[in-house]
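Reader: Please show me the sequence together with the model, and then let us go through the questions one at a time.

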Amino acid sequence: MFQLGKTIISEDILEKEFVCNLSACKGACCVDGDAGAPLSEAETKIMEEIYPKVKPFLRKEGIAAIEAQGTWVKGTDGDLETPLIDNKDCAYVIFDGKTALCGIEQAYNQGIVDWKKPVSCHLYPIRVKDFTEFAAVNYDKWDICDDACSLGKELEVPVYKFVKEALIRRFGQDWYLELEKVAEELKKS
């Protein structure tokens, strides 16, 4: 672990390799698990605001879940998260054949909304836990991502480089540049 500004970071994000392999996993992270995607307070307001524009992209089951539960929910642990369909799929998930995709991201890709998706989804496999004085930045190893780890290893892409855009979105360009310096120093040692 090391500190960078007000973040405590696991060295795993510099040392482990990862490149999402949708053709292998079929977007399992959007449909597996026991909770929705983590959201910040600010993101809940964005979800409420963009829902009417995103709604046409969603499946009828997702729309029903959102209209019954809301655009976001408080999970069993009290954290803010996306609602689920029957405690399984994220309510915002859509399918391209058998591959799960994000309906919000599809609206973004078509220029309908200017928000890509929850930052927790964009950051995956990195998970950020905010505390009073700092944020913990950790690599989340999940067996459904084994193919992504293999592809990352094959292509020699460390986790932090794979999620560069999301890290900059969450922590800023200057923070990311400092992270790159730490990664370079770690390589030398």
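**Domain contact and local features**

Author: Across the interface of domain 1 and domain 2, two residue pairs are in polar contact, both at pLDDT 80 or more, where a polar contact is a pair of N or O atoms within 3.5 Å, one able to donate a hydrogen and the other to accept it within protein, and where residues adjacent in sequence count only if both atoms are side-chain atoms. This is a predicted model, in which local features need pLDDT of at least 70 and side-chain atom pairs count only at pLDDT 80 or more, while totals for chains, interfaces and linings use all residues. Residues are numbered from 1 along each chain as its sequence is written, and side-chain values use heavy atoms, with hydrogens and water left out.

Reader: Which residues of the chain make up domain 2, and which make up domain 1?

Author: The bounds come from an automatic or database domain assignment. Domain 2 covers 25-123, and domain 1 is made up of 1-17 + 137-188.

Reader: How much area do domain 1 and domain 2 bury between them?

Author: Buried area is the accessible area (1.4 Å probe) that two parts lose on being put together, summed over both. Of the area buried here, 63% is on carbon and sulfur atoms. In domain 1, Trp142, Ile144 and Arg169 lose the most area to domain 2, together 55% of what that side buries. The total for the two domains is about 880 Å².

Reader: Which side chains meet in a salt bridge at 3.6 Å, N to O?

Author: A salt bridge is a side-chain nitrogen of Lys or Arg within 4 Å of a carboxyl oxygen of Asp or Glu. Between domain 1 and domain 2 the count is one salt bridge. The side chains that meet at 3.6 Å, N to O, are those of Glu165 and Lys116.

Reader: Why does the salt bridge of Arg59 and Asp89 tie together separate parts of the sequence, and how many residues apart are they?

Author: The side chains of Arg59 and Asp89 meet at 3.1 Å, N to O. Helices (H or I, at least four residues) and strands (E, at least two) are DSSP runs, numbered from the N terminus. Because Arg59 lies in the loop between helix 3 (41-54) and helix 4 (60-69) and Asp89 in strand 6 (residues 89-90), the pair ties together parts whose separation in sequence is 30 residues.

Reader: Where is Pro125, which a cis peptide bond joins to Tyr124?

Author: The cis peptide bond between Tyr124 and Pro125 has an omega of about 25°. The place of Pro125 is in the loop between helix 6 (119-123) and strand 9 (126-130).
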